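Dear colleague,

Please find below the structure that I am handing over to you, with its sequence. My findings follow directly after it.

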Amino acid sequence: MAQSSSAARTGPEKFSTPAKMAVTLHVNGVERKLTVAPWTTLLDALRLHLDLTGTKKGCDHGQCGACTVLVDGRRINSCLTLAVMKDGVQVTTIEGLAQGNTLHPLQQAFIEHDAFQCGYCTPGQICSAAGLIAEGHARTADEIRELMSGNICRCGAYPNIVAAIQQAMGQS
Amino acid sequence: MINFQYARASDVADAVRQIAADPTAKFIAGGTNLIDLMKEDVERPSRLIDISRLPLKSVEQTADGGLRIGALVPNSDLAYHPLIAQRYPMLASAILAGASAQLRNMASTGGNLLQRTRCAYFYDTVTPCNKREPGSGCSAITGLNRIHAILGASEACIATHPSDMCVALVALDAKVHVAGPAGQRAIAFADFHRLPGSTPQRDTNLEPNEIVTAVELPARGFATNYTYLKIRDRLSYAFALVSVAAALELDGSTIKEARLALGGVAHKPWRDPAAEAALRGQAGNPAVFAQAADVLLRDARGYEHNSFKIDLARRAIIRALTQAARGTPQSQSNKRIL
């Protein structure tokens, strides 16, 4: 036993630690260079490495939509992709939607329609709605509901979320 | 999540070389299923080979009037592609019935084929599962099996394949193009996924050193009389309890050609030539549709929590064929089933 534990101490590590990798992300129009382990999700890179904590970690399994951001203009779940896979892309988070002190039309509409209660899902809801409007496939309330089904609101603000998105769609 | 190495593939040949050199490596494209499984400790690759930047993102017309869909075309791009929407609307409908808008933006065509079952015991690493750990047993047979198979299951595994897209692809007679060390080959869609038998750890007939490069559709798209009807526990963003892809070619009220495939009921998208034969040449009416359903479900077997799926499947088949015959496909936004 003593011999084998000695061999374990002096032998090679069972799991070598992969080298961290350099990644450049263009986040909300700003070039950000970071060094991350390969298993760092885009969500963790934003929150832990870039201190952009507006993007929320809800389920961390792609089931709730709280982590939704726009990558090259398309809404995705940032918890289910790796930062190293996104080297060079444009990322828009909730922090990047307002123009100076002027709120994005969706942010303004969410306030006007009281489209949240606790607010935890709201950054993901708004980024998802921005993606939905850019995609241009939703016209009716049914279509908004269906194409927003990847964003869960456990406070149940859905009717007001749909109303807020309809208002913002009318403006865009 | 476990530690792993990360490398990019420079082209398809490089991807094949890299996967052949390391049996513990895995390809990653959209990552929507693989990263989730890695967080759950179900998949433990030592290395991820990133194929997401390979040039497999186009939809091209083939010489025989079909389409060749690159393996990396995102699910959303495919569903909204004008040629898919016009010529293969059943495929577009099936894709839009699955997942969420965010996931469809990420998930690739090839990855959709290769996604793993959502059986809870496959995900739960403290319970036996023959698919995750061959020989350990099946927890679902005597466990919670509401979402499990009613057709083609074995004593080793009663898991279902979770894809909606694949149900339409098997009904449309698609082909899967793959590349490996020995070159390229094409696999008929019906032969791509496997039944569990005694080797449920193998979902597909893709070899470990092969890569999916494209999915090919034949010219025949059934763009007039089709539907994709999905029944699930909530109205959106849930896996199917039962789904039906139904497509007909009619001469007046007589069925000239029929396609019928089910999702959520088996270890693979379930298509049964005998059920289609029961429709061909017959009048398109509910009695004929019920006969076809009975043929398709002749060997169905339920477990403690999913026996209801046999009758649900029968009714869904009749309703889907009725929708197809009428030319009134199921809407994927207004969920009222007419």
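**Contact between the chains**

In this predicted model, the contact draws 24 residues from chain B and 30 residues from chain A. On the side of chain B that touches chain A, the elements that contribute two or more residues are β1 (5-8), α2 (34-39) and α6 (101-106) of chain B. Of these, α6(B) supplies the largest share of that side, with five residues. Sorted by class, the side of chain B that touches chain A holds nine nonpolar, 12 polar and three charged residues.

**Domains of chain B**

According to the domain assignment, chain B has domain 1 (5-52) and domain 2 (225-326). The distance between the C-alpha centres of domain 1 and domain 2 of chain B is 36 Å.

Chain B contains an open sheet of four strands, in the order β9-β10-β11-β12, and the pairing is antiparallel. The edge strands, each of which pairs on one side only, are β9 (225-232) and β12 (270-271) of chain B. Within the sheet, strand β10 (residues 240-251) and strand β11 (residues 254-263) of chain B run antiparallel and are joined by nine bridges. In this pairing, B:Ala247 has B:Arg259 of β11(B) opposite.

Two helices of chain B may be described together with the sheet. Helix α5 (residues 89-96) of chain B packs on the sheet and touches β9 and β10 of chain B; the direction of α5 makes about 15° with that of β9(B). Helix α13 (residues 308-326) of chain B also packs on the sheet, where it touches β9, β10 and β11 of chain B. The direction of α13 makes about 35° with that of β10(B).

**A helix pair in chain A**

In chain A, helix α3 (residues 105-112) packs with helix α6 (residues 158-171) at an angle of about 140°, and their axes are 8 Å apart.

From α3(A), the residues A:Pro105, A:Leu106, A:Ala109 and A:Phe110 meet A:Ala164, A:Gln167, A:Ala168 and A:Gln171 of α6(A). By class, the residues of this contact are six nonpolar, two polar and no charged.

With kind regards

Methods
Residues numbered from 1 in each chain as written. Chains lettered and ligands numbered in written order. Predicted model: local features only at pLDDT ≥ 70, side-chain atom pairs only at ≥ 80, totals over all residues. Pairing = 2+ DSSP bridges. Contact = placed C-beta atoms within 7 Å. Axes fitted to C-alpha atoms, helices over the stretch in contact; angles between N-to-C directions. Nonpolar A, V, L, I, M, F, W, Y, C, P; charged D, E, K, R; others polar. Domains from an automatic or database assignment.
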